[in-house]
Amino acid sequence: MRPLQLIGAIGTGCVVLFVLLAGAAKLVDLAEFRRSIESLGIVPDAATPYVALVIAWIEVLAGLAWFCGLGKRVAIMVIVLLLLVFTSVFGILLAIGERPTCACLGLLARYIVLHNEGMSVVLRNFGLLTTLGIGVWLSRSSVRATHSDASSGNDTNANVLPQVPRGFSIIEVLIVIVIIGSLLSIALPALSRTRFASRRSVSEINLRSHTQIMMTYTSDFKEYFPLFMDPKASLTVLRSDNVELALSYFDAHVYWNFGIGPRYYGSAFNKVFFSPAIRADMNAHYYYSCTFVARPEYWNPSTRTDGRGQWNGTRISDVTFPSAKILLSDQTPIYELLLRRTTPSETILKRWPWTAIVTVDGAVRRVQDNEILPGYPTSDGPIQSLHTGGPTNDGMHTIDGVRGRDLAR
């Protein structure tokens with residue numbers, strides 16, 4: 001055996017031994033590994049015990065197959081696929097701001113000082129993949145070189161020629177395809193979950209950014225919140241990027257991007273106005289509460305009038321409960337209901353059991369419907385009743401307006 005071939009075999013053997021021991025340790029402490037998978041949210045809770053058991057056995061069997069010389073190439077491919085899938089899942093979770101941990105070494109983690117945080121796992125797996133790749137390459141390169149020397153007559157024992165690795169058989173390919181399919185069935189739900197979490201995080205960042213811009217607006221306009229509609233006109237014309245819209249007064253709640261976008265964002269079509277979960281449209285996907293464009297008296301049944309005299313701007317000093325008054329709310333669920341009519345509404349609403357909101361004090365949070373207090377019963381009123389119930393009422397028509405509160409606590 002040539003030196004390079006020996007080095008390659010040792011490197012490959014070390015990685016395979018690591019995987020074999022990790023699989024055996026998982027089987028010994030399967031409960032801990034199962035809890036680790038549950039914490040990632042990769043598979044349904046009911047399937048987690050079976051998935052944990054299958055992964056552990058795959059690692060053990062792949063390691064044993066390699067050391068026993070039974071399907072070494074398939075064993076290497078299985079190990080590479082396992083490392084790639086786990087590394088990808090942890091990498092995506094880290095990219096969206098989560099801090100995953102794993103029990104990848106099972107019982108060994110109690111006796112070996114190793115960090116199991118997400119980044120450590122990614123780096124460790126990357127090192128294993130690199131070592132495995134170099135080991136296999138050195139082994140195969142050395143075998144080919146030996147075969148070439150023997151064929152040209154440089155080898156003293158020309159009758160004994162090293163066997164050049166043959167191609168994969170149909171059985172080996174089928175086995176790998178089955179394993180790939182099994183791993184994908186585990187990984188795809190995780191990827192879907194991480195993509196959803198990433199979009200959720202972007203929406204919350206957008207809400208926080210909008211609040212900062214609105215606070216800048218209030219500084220420029222004597223503490224007044226954005227007001228760009230004419231209460232005396234039946235329609236107000238707003239323009240941006242060669243687009244012109246004629247809007248009624250309370251349309252400000254969805255078209256506020258046209259009202260302040262050109263000046264403070266450079267355009268009404270800046271991407272921060274739109275949810276990353278659905279395609280962009282004319283109007284903002286984050287609703288601006290109607291209570292900021294009408295006086296508090298308009299939002300109390302005992303003091304509301306039918307005229308437009310109460311349609312006017314409000315100031316920061318008018319807000320009595322900054323931490324309980326919703327300024328903007330993410331309305332992605334509503335747009336999903338409108339755009340994906342073939343998907344049952346129960347399925348979409350189940351994906352969005354909460355609403356992302358930002359309050360006047362700049363705090364971004366997720367709240368459920370039962371955490372938001374009921375709004376004014378007839379919404380914008382008899383003149384313009386745009387919102388008559390449902391999720392669009394999240395902080396839109398607070399009783400007593402900016403002097404009231406949307407959150408009980």
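**Stop 1: the ring cluster.** Select F225, W256, Y265, F273, F274, Y288 and F292. Ring pairs link F225, W256, Y265, F273, F274, Y288 and F292 into a cluster. Rings of Phe, Tyr and Trp (its six-membered ring) pair if their centres lie within 6.5 Å; planes under 30 degrees apart count as stacked, over 60 as edge-to-face and the rest as tilted.

A note on the model. It is predicted, so local features need pLDDT of at least 70 and side-chain atom pairs count only at pLDDT 80 or more, while totals for chains, interfaces and linings use all residues. Residues are numbered from 1 along each chain as its sequence is written, and side-chain values use heavy atoms, with hydrogens and water left out.

Stop 2: The structure holds 19 aromatic pairs. One of them joins Y249 and F250, edge-to-face, at 5.2 Å centre to centre with 90° between the planes. Buried means under 20% relative accessible area, exposed over 50%, partly exposed in between (1.4 Å probe, protein chains only).

Next, select Y298 and W311. This aromatic pair is edge-to-face too, at 6.3 Å centre to centre and 85° between the planes. Y298 and W311 lie 13 residues apart, in the loop between strand 3 (286-288) and strand 4 (326-330). Both Y298 and W311 are buried.

**Stop 3: charges over rings.** R304 lies over the face of Y298, at 3.8 Å from the ring centre. Then go to K26, which lies over the face of F33, at 5.2 Å from the ring centre. A charge sits over a ring if NZ of Lys or CZ of Arg is within 6 Å of the ring centre and within 35 degrees of the ring normal.

**Stop 4: the whole protein.** Zoom out and switch to cartoon. There are nine helices and six strands. Helices (H or I, at least four residues) and strands (E, at least two) are DSSP runs, numbered from the N terminus. Of the 409 residues, 46% count as buried. The accessible surface comes to about 20500 Å², of which 61% belongs to carbon and sulfur atoms. Accessible areas come from the Shrake-Rupley method with a 1.4 Å probe; for residues, only the protein chains shown count as cover. Among contacts with a separation of 6 or more, 67% involve residues 24 or more positions apart. Contact means heavy atoms within 4.5 Å.

Stop 5: Strand 1 (residues 236-240) and strand 2 run antiparallel, joined by five bridges. Two strands pair if DSSP finds at least two bridges between them. T236 stands opposite L247 in strand 2. The hairpin has two residues between the strands, and D241 takes a positive phi near 50°.

Stop 6: Start with helix 3 (residues 48-67). Its 20 residues should span 28 Å at 1.5 Å a residue, and the end C-alpha atoms are 29 Å apart, which agrees. The expected span is 1.5 Å times one less than the number of residues. Buried residues in helix 3 include V51, I55, V60 and W66. Just after helix 3, G69 takes a positive phi of about 75°.

Move to helix 7 (residues 252-264). It is mostly covered: ten of its 13 residues are buried. Among them are H253, W256, F258 and Y264. G266 follows helix 7, with a positive phi near 90°.

Stop 7: Select R365, found in strand 6 (residues 364-367). R365 is partly exposed, because its relative accessible area is 26%. Its C-alpha atom is separated by 8.3 Å from that of T355, ten residues apart along the chain. Beyond four places in sequence, R365 touches S323, T355, A356, I357, T359, L407 and R409.

Finish at I399, in the segment after strand 6. At 31% relative accessibility, I399 counts as partly exposed. The C-alpha atoms of I399 and Y376 are separated by 5.4 Å, with the two residues 23 apart along the chain. Not counting residues up to four places away, the contacts of I399 include W299, P374, Y376 and R405.
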